[in-house]
Amino acid sequence: MSLQGITVAISPSGIQYFTNVLLVNEIVQALQKVSPPNNSINAGDINLSSSKAGSSWANNIVIALSSGSMSSFSPTFQSITQGDNGEFTLTLLANNFQAKFNWNEQYDDVFCSIIGCHTMDHQNNNYPYSVGFSQMTITVVFEFFFSPRTNQWVFQFNSSTVTTSGVSPNIPSNSIVNSEEYAGCFSTQVSGATKAAVDTIDFSTPIQALIQPLFQSISASGNLTPNIAFDFSQGPSGLTFPGNSGIAAGVTGNVTYKGQPYAGTNPPQLALPPIPANNHLNYYASDYTFDALMWAFFEEGDLVATATPGNIPDPGALNTSSYNNGPLQALYNAYPDKPMTANIAALVAPTVQFRQIYDLTSANIGTLQNQLPPTVYTQLQVLTGSVFMDEPSFLAGLVNALGQATADQYKTVIESVALVVGAVVAHSDQVVLNVIDAGQTIPVITFNVSQTDILQAFVLGISGTTQTLQFAFQIVDALTTTQFISSPIPGINSGDFSYIWNFALQMPYSTEVAEIGKKGVCLPRIQGFDFLFSQATITLEPGYANVLSDVQYVTDNGVKYLMSKQLVEIDPNAVWEPFRSDLFKTNAAGGA
């Protein structure tokens, strides 16, 4: 079964924002560098004057328009419309601009009398020439698709068209054509020729030249560390355009370590999110992708730690004197009053599952204050912070706290707030306790630990050059179990090490594990568009995390972002203060 671990939907407002920010400025800059092509006008012969002696003519008039340039030419974004099968039409409008040329006119001075016509001279004159236009409409058609050949998401230029109106030719005052007794027809001829020159400006070449490299940043991969990368190649759903109003796509979302992909069981084919109504983007990120992230860090050897008296809450826990007169008396007898260390390492990669759990947080319990009798509400406080993985253990917890009858009476109302989707992480680790004796590190006890965490505090954040879905680990101490493995010391052949793990050794290992959450799961995005962390909404569903977010370009002061939001009217006279996504980066990083 093919993997589709991350899916994304882009709203029409998101498409408008990406286009307005990423394409329009670049296209406008490119258009401002283009020049009207040279053009020639064959004006024929015109009669300059007549008398009894004869008539003077300008014959074979040829006007060459060259060295064209545009003045006061500033196209602005008007709209982006979505057509069939991923085709988009961008419309730009330029008002009240001029096309400037060098006007070169050449002709023969001819005098005709009763004895015939004679060429008197040949004229070759140059004048500056400017023609005004009231409006130009530029349309650029491009399409969006995934290229398996280049492994890139591609915006491909298709075509462009130019239409002008309101042409006002200003024939040079010294031009010979102004000497014709009636120049109206010639003005029309010049108007048509100069309009044709502007309408046939080659906008396609500069637009095509800028679009292809511009979108090479939409890579099909994201590097989290030098060795760990996310694959954003196209997934089974491919690239879709629901109702020709938005974009939705699936990507593999798999993780590679040194080029080796994660090969977990039951790779999902995550559904495509709906097109968001009020946000630029809607992501789904499967728990399989979180699994893959854990695997990569395990493969990299990051899930190891060394506990010493200096990095645990109770330094005495790592001295054999703490075990005198206790179940580990044999340890003290063998090595009295000796300092200790502990080597901790994951046996296998942690696994993540987004599933229903019963989580009695203080916030959840607080919502029940007006729904439970005061005595029952008070009794329930003893379960604050408790997490239950299934209904039987949840019911047993209620019975222990409230009694059977009360638990039966209020189970449904308490369950309504406790039953949530949680991200459950299962760890399988091994601990080797060592004694330091005469400078030697001597392994004395080996035990395994099974620990359960709940991922929480999901935020969008920054990890190096990527932006990720980050999280923190909440350890469920009550679910920790340990298993004695071995000891070379006679008399130590069993034991429950949950206490020493939960209250002493867990901290240095948890510090290492927390680094995974600070890195997070990479989400596909266009470089330069940063998530607006304060605008994001993250919820958990069975099997995946649901992320709604807006983005803002790094150089956008907030005006174009606001223009992309529905029902926002922009006051052209308003003074705008910077509203940059990086204002939120510090808070987001701290939240992870």
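Reader: What is the volume of the largest pocket?

Author: The largest pocket has a volume of about 410 Å³. On a 1 Å grid over the protein atoms alone, a pocket is an open set of points where a 1.4 Å probe fits, with protein on both sides within 12 Å along at least five of seven lines, and lining residues have an atom within 4 Å of a point. Grid points are joined across faces, edges and corners, and the volume is the space filled by probe spheres set on them. The largest pocket is lined by 20 residues, of which Y323, L328, D496, Y499 and I500 are the closest to its centre. This is a predicted model, in which local features need pLDDT of at least 70 and side-chain atom pairs count only at pLDDT 80 or more, while totals for chains, interfaces and linings use all residues. Residues are numbered from 1 along each chain as its sequence is written, and side-chain values use heavy atoms, with hydrogens and water left out.

Reader: How do the residues of the lining divide into nonpolar, polar and charged?

Author: Ala, Val, Leu, Ile, Met, Phe, Trp, Tyr, Cys and Pro count as nonpolar, Asp, Glu, Lys and Arg as charged, and the others, Gly among them, as polar. In the lining of the largest pocket, 10 residues are nonpolar, 8 are polar and 2 are charged.

Reader: How many helices and strands are there in the protein chain?

Author: Helices (H or I, at least four residues) and strands (E, at least two) are DSSP runs, numbered from the N terminus. The protein chain contains 12 helices and 27 strands. A further reading concerns burial, where buried means under 20% relative accessible area, exposed over 50%, and partly exposed in between (1.4 Å probe, protein chains only). Of the 592 residues in the protein chain, 50% are buried.

Reader: What share of the contacts in the protein chain with a separation of 6 or more comes from residues 24 or more positions apart?

Author: A contact requires heavy atoms within 4.5 Å. Among the contacts in the protein chain with a separation of 6 or more, 71% join residues 24 or more positions apart.

Reader: Which residues have the most contacts inside the largest nonpolar core?

Author: A nonpolar core is a set of buried Ala, Val, Leu, Ile, Met, Phe, Trp, Tyr and Cys residues joined through side-chain atoms within 4.5 Å. The largest one comprises 134 residues, and F290, L331, L433, I445 and L505 have the most contacts inside it. Apart from this core lies another, of 19 residues, including V376, L402, A407 and A418. Residues up to four places away in sequence aside, F290 touches A285, V352, F354, L455, F458, L469, F471 and V521.

Reader: Which residues does the disulfide join?

Author: A disulfide is a pair of cysteine sulfur atoms within 2.5 Å. The structure holds 1 disulfide, which joins C112 to C117 with an S to S distance of 1.9 Å. The torsion about this S-S bond is about 115 degrees, and therefore the disulfide is right-handed. C112 is buried because its relative accessibility is 15%, whereas C117 is exposed at 52%. Another cysteine, C522, is buried, with a relative accessibility of 1%.

Reader: Where does K258 lie, and is it buried or exposed?

Author: K258 belongs to the loop between β12 (254-257) and β13 (260-261). K258 counts as exposed because its relative accessibility is 60%. Its phi is near 50 degrees, a positive value in a residue other than glycine. N266, in the loop between β13 and β14 (281-286), also is not a glycine and has a positive phi of about 55 degrees. N266 is exposed as well, at 71% relative accessibility.

Reader: Which residues is N254 in contact with, leaving aside its neighbours within four places in sequence?

Author: N254, a residue of strand β12, is buried, since its relative accessible area is 10%. With those neighbours left aside, N254 contacts L3, A229, F230, D231, P261, Y262, Y288 and A292. Its C-alpha atom is separated by 9.7 Å from that of D291, which is 37 residues apart from N254 along the chain.

Reader: Where does S486 lie?

Author: S486 is in strand β22 (residues 481-486). It is partly exposed because its relative accessible area is 35%. Beyond its neighbours within four places in sequence, S486 is in contact with V444, I445 and T446. S486 and V432 are 54 residues apart in sequence, and their C-alpha atoms are 9.5 Å apart in space.
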